[in-house]
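Dear colleague,

Please find below the structure for your records. My notes on what was found in it follow directly after.

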Amino acid sequence: MDLSFYKSPLSEEIRDEGRAEGREEGREEGRAEGIARGILLLLAQVGVDVPDEARERITGCADLDTLSRWLLRAPTATSIEDVFAEK
């Protein structure tokens, strides 16, 4: 069996691209997790009750724009609906 492809420059390039994409995805996931934690901390600080369903929605969201929008709303929210409102 010829395994020379796996040692070729092309295969090295493909592996390097895959590693770079994986690292970027990991960084984005880390940013999303950090923003989600920040939202939950801010809501706790201002006394907003966060039901399990809302907590899962926040922690399960991977869209950084949506999370950022929620983060900006959290400090002035009086209810979880204030955070999720489509304005």
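Which residue lies over the face of Phe84? In this predicted model, that residue is Arg57, at 4.0 Å from the ring centre.

Because Trp70 belongs to helix H3 and Phe84 to helix H4, the pair ties together parts that are 14 residues apart in sequence. Both Trp70 and Phe84 are buried.

As to the overall architecture, the protein has four helices and zero strands, in the order α-α-α-α from the N terminus. Of its 87 residues, 26% are buried. The accessible surface comes to about 6,400 Å², and carbon and sulfur atoms account for 53% of that area. Among contacts between residues at least 6 apart in sequence, 56% join residues at least 24 apart.

The largest nonpolar core holds 18 residues, and those touching the most other members are Ile39, Leu43, Ile58, Leu67, Trp70 and Ile80. Two or more core residues come from each of helix H1 (9–45), helix H2 (52–60), helix H3 (64–73) and helix H4 (80–84). H1 provides the largest share, six residues.

Apart from its neighbours within four places in sequence, Leu43 is in contact with Val48, Val50, Ile58, Ala74, Ala77, Ile80 and Val83.

Yours sincerely

Note on methods. Residues are numbered from 1 along each chain as its sequence is written. This is a predicted model: local features need pLDDT of at least 70, side-chain atom pairs count only at pLDDT 80 or more; totals for chains, interfaces and linings use all residues. Side-chain values use heavy atoms; hydrogens and water are left out. A nonpolar core is a set of buried Ala, Val, Leu, Ile, Met, Phe, Trp, Tyr and Cys residues joined through side-chain atoms within 4.5 Å. Buried means under 20% relative accessible area, exposed over 50%, partly exposed in between (1.4 Å probe, protein chains only). Contact means heavy atoms within 4.5 Å. Accessible areas come from the Shrake-Rupley method with a 1.4 Å probe; for residues, only the protein chains shown count as cover. A charge sits over a ring if NZ of Lys or CZ of Arg is within 6 Å of the ring centre and within 35 degrees of the ring normal.
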